[in-house]
Amino acid sequence: MPVRAVVYRSELWSPPRLIGYSFLTGVTVYIGGIGLMAVSIFAQHGELPTFVLNYQRLWLTVGMAAVAGIPWMILWRCQSMVRTFRRALASGIACGCGAISLALVFSLGNPDPNHWLLMLKYGVYLCAFFGLSNVVLMLAYNRLRQPLPIQNGTLCPGCAYSLIGNVSMICPECGRPFNFAELAP
């Protein structure tokens, strides 16, 4: 697969798609958290194999790291889709909303106002945690590897060199021939 130099606007996810994907990522965080709680509950009753019981703290530590790291791995994978501060914050908040959503659904019918205040508090914590961590990680990723420029109709598809004023239809930087169809944003 050839190395890409530019991203076309048609390849960028729309905000609703990015938010929906991030929300589903948050749901996986919740499901992973439920799995960790099941491991700890079964471990208390001695209903797990001995190799799990012997290393219960290790399993729970690795599991918690995996649950917390799921959104970060997905942000790394989709870094070219996130790109900006606002999109990173929106993606993180959507992930936090997804992480609390199933707990809210399972809480329907609970008349205790303290329970709902607790749910609201955890929802705010999750949205703040994933929102801020996505912003910090996006800034770190952009320092590690610059995001590809967005094709605006003036960049060489091979090396992202500006082709403004070029009439030869050959990039002077990399020598790649191009046509106007390739430059369309």
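This is a predicted model: local features need pLDDT of at least 70, side-chain atom pairs count only at pLDDT 80 or more; totals for chains, interfaces and linings use all residues.
Helices are DSSP runs of H or I of at least four residues, numbered from the N terminus. Residues are numbered from 1 along each chain as its sequence is written, and side-chain values rest on heavy atoms, with hydrogens and water left out.

Helix α5 covers residues 85-106. With 22 residues, α5 reaches 33 Å from its first C-alpha to its last, close to the 32 Å expected at 1.5 Å a residue; the expected span is 1.5 Å times one less than the number of residues. A bend of about 30° occurs in α5 at I100, the bend being the angle between axes fitted to the seven residues ending at a position and the seven starting there. I100 is also one of the buried residues of α5, which include R87, A88, S91 and G92. Buried denotes a relative accessible area under 20%, exposed over 50%, and partly exposed the range in between (1.4 Å probe, protein chains only). R86, also located in α5, is exposed, with a relative accessible area of 70%. Its C-alpha atom is separated by 8.4 Å from that of V135, 49 residues apart along the chain.

V135 belongs to the largest nonpolar core, whose eight residues are W13, L18, C78, M81, V82, A88, V135 and M138. Such a core is a set of buried Ala, Val, Leu, Ile, Met, Phe, Trp, Tyr and Cys residues joined through side-chain atoms within 4.5 Å. Helices α4 (79-82) and α6 (113-144) each supply at least two residues of this core. Leaving aside residues up to four places away in sequence, L18 touches W13, M81, V82, R87 and S91, where contact means heavy atoms within 4.5 Å.

Y141 lies in helix α6 and is buried, at 11% relative accessibility. Y141 and R83 are 58 residues apart in sequence, and their C-alpha atoms are 9.6 Å apart in space.

The structure holds one aromatic pair. F129 and F130 form this pair in an edge-to-face arrangement, 4.9 Å centre to centre with 65° between the planes. Rings of Phe, Tyr and Trp (its six-membered ring) pair if their centres lie within 6.5 Å, and planes under 30 degrees apart count as stacked, over 60 as edge-to-face and the rest as tilted. F129 is partly exposed at 39% relative accessible area, whereas F130 is buried at 3%.
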